[in-house]
Amino acid sequence: MSEMSHQFLYGEDHLTAGIAIKIAQGETKGIISNAARKKIKKSRQIVENIVEKGHPVYGINTGFGPLCTTKISKDETKILQNNILQSHSVGVGEPIHPEISKLMLILKAQSLSKGFSGIAETTLDRILWHIDNDAIPIVPSQGSVGASGDLAPLSHLFLPLIGLGKVVYQEKTISTQELFEFTGLAPLDLGPKEGLALINGTQFIAAHAVKVVSQLQSCLSQADIIGAMMIEGLQGSVKPFYRELHNLRPYKGNIHVASRVKSLLKGSEIMEDHIDCDRVQDPYSLRCIPQVHGASRNAWLHLKELLEIELNSVTDNPIIIDEELTISGGSFHGQPLAMAIDYACLAASELGNISDRRIYLALEGNSPGVPKLLMKDTGINSGYMILQYTTAALASENKGLCFPSSADSIPTSLGQEDHVSMGSIGGRKALRVIENIEKILAIELLTAAQAFEFRKPLKSGMILDEIYKEVRTKVSFAEKDRVFADDIEKGIQMIKDKTIIHIANAVSKKKKLSLETKFSNDFEVY
């Protein structure tokens, strides 16, 4: 980041998922420095010189894909750029969320500002105008195979530059022509290579990966907290979370999760009451939280690290190195992210899998003092029985979504593009899985809170007690059956709003708890 924390220098500063989201939310402003502009101008001039000299260079004065051997005259090079945006705008399906479209603009601005793409300053400035003014292009969700660049979605993303397509502006979907009438803008006259520079790249995949990193991180943090609540509700053992155990098998994720859960259980009267009981071992869904949550966290970290490389890379084609060297390569291929996204998708699904098992465990009535189905008067009441049906359905749905998209490849472009990543499909699919996880965790949160009630008057750990109180401000203890869907919706909103993370951080700060207990450490920051 630049010296001012609220400002980001495209093409120079190091972009992360967190910073990209802050730019998208308007908390940080992205700009292009004079130094970056100098590199952008130099790269643009090299493209102009290539056109003047007439030496064939892919995408500048040749056709695209299987038409790479077709020479394009100097006069036709500009027409070619408009044509490529139109011919490649073949996306179908529901539009992606405007936030993801905006992230695509931000990620493309970062890549183009590196000065290796031959883009014109005026084009880049127009992209920044769309970001700064929240004029977000409509981008269909389907149509990319994740190689040769995310061609279809990126084409739709940049149709507004030439006066075509639609945008979301001031919370309304309007045509680009209407946008121009409101703002006084006019279509750009794209020069040689610009169309190709705009649509070649991995920004559709990467923008989805940004959301995966952000939302999965939130689920991981909340799963640890809710898992700790369930340990208390069912009076599980704290021993499986001792550092002495995990130092003998020192995976980063395992150590981190074990430390967090142990900290959350510190000072709990519920756990102290259990200390001399006869139970030796808990079921895996409680005992193996460090191993399962930790493995998912390791997968998240892997995607985060690869994504940061991608966000600070040049991913279009060809690449303009200098006057003497222009390289037609494959940096647009989405495989590096595609495989990591599939891994993260599986990691997310497993969070839901073990959460569902803990919910089932809570209903069995095998924990002393906790009634079967978490309700005393059953028979006439079904209690929490059917909430677990929902988590079972969601966990099963996620299993079906875990087939790796990157395992597939279908040749395109008449065989010129004969291996593709399908990372675009993997990115969309991973977000679907994470949305299901948020619902499962919401139901576990309600279930753990219901189990808590039977531990009174014993008190919980300091942080968990405050979280329990917050749950009760939104969802009351269930003494008899009611429409539980209403409770679930409130729980889902708490998960989406990261309510329990905010409470954990606030209590930790207010009570000046140990560093071990704090939740905003370096391993979590994305």
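What distance should the 31 residues of helix H17 span at 1.5 Å a residue, and how far apart are its end C-alpha atoms?

Modeller: The model is a predicted one. Helix H17 covers residues 423-453, and at 1.5 Å a residue its 31 residues should span 45 Å. Its end C-alpha atoms are 45 Å apart, which agrees with that expectation. Of the 31 residues, 26 are buried, so H17 is largely enclosed by the rest of the structure.

The loop between H17 and helix H18 (462-474) contains Phe454. This residue is buried, its relative accessible area of 17% falling under the 20% limit. A pair of aromatic rings is described by the distance of the centres and the angle of the planes. Here the centres of Phe454 and Phe477 are 5.6 Å apart and the planes stand at 75 degrees; because an angle over 60 degrees counts as edge-to-face, the pair is of that kind. Phe477 is partly exposed, with a relative accessible area of 23%. The structure holds 4 aromatic pairs.

Rings also meet charged groups elsewhere in the model. The charged end of Lys262 sits over the ring of Tyr242, at 5.3 Å from its centre. Arg357 lies over the face of Tyr360, 4.8 Å from the ring centre.

Helix H5 (residues 121-132) has 12 residues and reaches 16 Å from its first C-alpha to its last, close to the 16 Å expected at 1.5 Å a residue. Its buried residues include Leu124, Ile127, Leu128 and Ile131. An α-helix has 3.6 residues a turn, so residues three or four places apart point the same way. H5 is followed by Asp134, whose phi is positive, near 50 degrees.

There is also a sheet to describe. Three strands form an open sheet in the order E4-E6-E7, with antiparallel pairing. Strands E4 (135-137) and E7 (172-175) stand at the edges with a single partner strand each, so one side of each is left without a neighbour in the sheet. On average, neighbouring strands are turned by 35 degrees against each other, direction ignored. E4 is joined to strand E6 (residues 166-169) by 3 bridges, and Val167 in E6 is the bridge partner of Pro137. Helix H7 (residues 176-183) lies across E4, E6 and E7, running at about 95 degrees to E7.

Definitions and conventions
Residues numbered from 1 in each chain as written. Predicted model: local features only at pLDDT ≥ 70, side-chain atom pairs only at ≥ 80, totals over all residues. Heavy atoms only, no water. Pairing = 2+ DSSP bridges. Helix = DSSP H or I, 4+ residues; strand = E, 2+ residues; numbered from the N terminus. Axes fitted to C-alpha atoms, helices over the stretch in contact; angles between N-to-C directions. Contact = heavy atoms within 4.5 Å. Expected span 1.5 Å × (residues − 1). Buried < 20%, exposed > 50% of the residue type's maximum accessible area, 1.4 Å probe, protein only. Phe/Tyr/Trp six-rings, centres within 6.5 Å; stacked < 30°, edge-to-face > 60°. Lys NZ or Arg CZ within 6 Å of the ring centre and 35° of its normal.
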